[in-house]
Amino acid sequence: MTIWLPELAEQRPIYKAIVSAMSRDIAEGRLGPGERLPPQRELAYQLGVTVGTVTRAYTEAERQGLVIGEVGRGTFVKRSSADAPLLAMPSEPQQASAGRAQGFIDLSANWPPEPPLAEEIGAVIQEECNRPGLGARLQYRRDLIGGEATRRAVASHLETEGLSADWREIALTNGAQHAIFVSLLATTRPDDIVLCEELTFFAIKSAARSLSLRLRGVAMDKWGLRPDALDAACRATQAKVLYSIPTLQNPTNRIMPTERRREIAEICRRHDVTIIEDSIYAFLLDEPPCPYANLAPERSIHVSSLSKSVAPNLRLGFLRAPSHLMEAVTFAVRSSSYCSPPFTHDVGQRLIESGVAARSAKAMREEARHRQEQARRYFPDAERPSGGTPLHLWLELPSPWRSGSFVHAAYRAGVGVADAEVFAIGREEVPHAVRICLAAARTREEMQNALGRLAALLPRGPEAGPGLPLM
Ligand SMILES: Cc1ncc(COP(=O)(O)O)c(C=O)c1O
């Protein structure tokens with residue numbers, strides 16, 4: 001147990017001086033996240049104050065979000081949100097009792113590796129700054145979804161995903177997530193039902209909530225969405241929009257073959273459903289299957305970005321939509337963000353035209369391959385798609401593990417992983433699985449360190465321990 005003895009300033013009342021000292025010691029690292037504070041009676045004795053004063057200080061510190069009290073267990077320093085796992089965080093009391101393991105490695109969110117071509121990307125940005133006419137290019141622009149040259153460059157880039165698109169059908173957005181939001185805004189009205197895979201990219205849930213849409217999950221098999229389930233869902237709900245990730249589906253990593261896509265496209269045509277295809281991971285395949293936008297161009301919106309293949313912080317996203325939806329798309333871009341930064345449009349165009357984007361995608365693919373090969377040593381039985389190398393592992397847990405108990409045990413071992421629950425739509429049974437984002441580790445060594453800790457947990461099985469209810 002930490003014996004924390006604060007140095008109190010000449011502040012009155014004393015309980016406030018205790019809170020100030022606590023706040024300072026947390027900020028300066030003398031009190032670490034998850035550390036237990038001394039029992040109130042003991043601290044009162046050490047400081048020569050009444051127990052009531054310490055109780056008041058602890059209550060105030062909890063109110064300010066510095067600490068968290070657990071009945072019967074004590075008071076613990078809270079984890080800061082900056083270093084909390086991005087996804088699937090155990091509950092506060094679990095965190096407090098788990099403490100923060102040394103060298104916490106967060107593999108819960110699907111971050112790509114640090115851009116391997118960072119210097120070349122930087123050089124393109126520099127050139128863009130040095131080009132004549134910077135002042136004019138920093139002015140507002142009229143082409144809110146991108147200028148012709150940029151949209152032409154994006155259309156040519158999308159050929160690498162197997163898509164043939166006319167530049168007039170392209171719109172630029174703030175990343176793929178914004179492209180999804182814009183697509184929903186352009187094709188739905190409040191209260192509409194939107195269909196999606198039963199486990200899916202969690203951001204669709206927040207987008208749907210913001211737009212007052214109702215999501216319905218559609219059952220999957222090892223190839224992704226099941227056509228019979230989709231047909232039944234269309235009949236039952238009269239939904240007019242489907243959001244789907246047919247290529248390296250997030251989180252299951254499934255790749256839907258072209259034949260299945262044809263069937264899905266046909267069902268959507270029959271029920272007059274617009275397909276929003278999220279193709280952000282297609283660059284990880286040497287030969288991506290045919291996109292829906294080639295199979296049913298009149299009803300497909302194709303969404304992608306340079307986030308995973310080049311650099312997420314550029315926020316360079318785009319979509320291809322049929323011409324009859326372009327006005328609604330433009331209106332949606334305008335009303336949700338005015339436009340994505342035109343300066344980055346210019347940078348994106350140069351990245352594509354100079355070949356940096358393609359070389360970066362290749363380097364990312366190679367890094368993903370390396371990491372998957374290393375991961376195979378730790379988890380030889382994890383499901384792996386053939387034909388593509390994903391950035392993450394979808395690990396079905398052996399009995400008797402459940403996803404929640406594994407996430408908690410992993411947290412205690414100092415590794416953040418994402419619970420299958422995070423991706424679930426509705427209240428159907430969720431697989432006992434976790435998503436482990438290999439590329440989120442800063443280095444291969446760090447990834448191996450984390451995977452070693454996780455693999456060691458598997459044979460042990462969940463155990464009763466701190467953080468679990470006593471009865
Ligand atoms: C399936 C999927 N779509 C979209 C996104 C968001 O991409 P962006 O960073 O370009 O908004 C992610 C990010 O993890 C994703 O996994």
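Two strands are taken as paired if DSSP finds at least two bridges between them; helices (H or I, at least four residues) and strands (E, at least two) are DSSP runs, numbered from the N terminus. The model is predicted: local features need pLDDT of at least 70 and side-chain atom pairs count only at pLDDT 80 or more, while totals for chains, interfaces and linings use all residues. Residues are numbered from 1 along each chain as its sequence is written.

An open sheet of mixed pairing is formed by seven strands in the order 4-12-11-10-9-5-6. Strand 4 (170–174) and strand 6 (214–218) each have a single partner strand and stand at the edges, so one side of each is left without a neighbour in the sheet. From one strand to the next, the twist averages 25°. Strand 5 (residues 193–197) and strand 6 run parallel and are joined by five bridges, with Glu-197 opposite Val-218 in strand 6. Helix 9 (residues 203–210) packs on the sheet and touches strand 5, strand 6 and strand 9 (241–244), contact being defined by C-beta atoms, placed from the backbone, within 7 Å. The direction of helix 9 makes about 145° with that of strand 6; axes are lines fitted to C-alpha atoms, for helices over the stretch in contact, and angles run from 0 to 180 degrees between N-to-C directions.

Strand 1 (residues 67–70) and strand 2 (residues 74–77) run antiparallel and are joined by four bridges. Gly-69 stands opposite Thr-75 in strand 2. Three residues lie between the strands of this hairpin, in which Gly-72 takes a positive phi near 80°.

How values were computed
Two residues are in contact if their C-beta atoms, placed from the backbone, lie within 7 Å.
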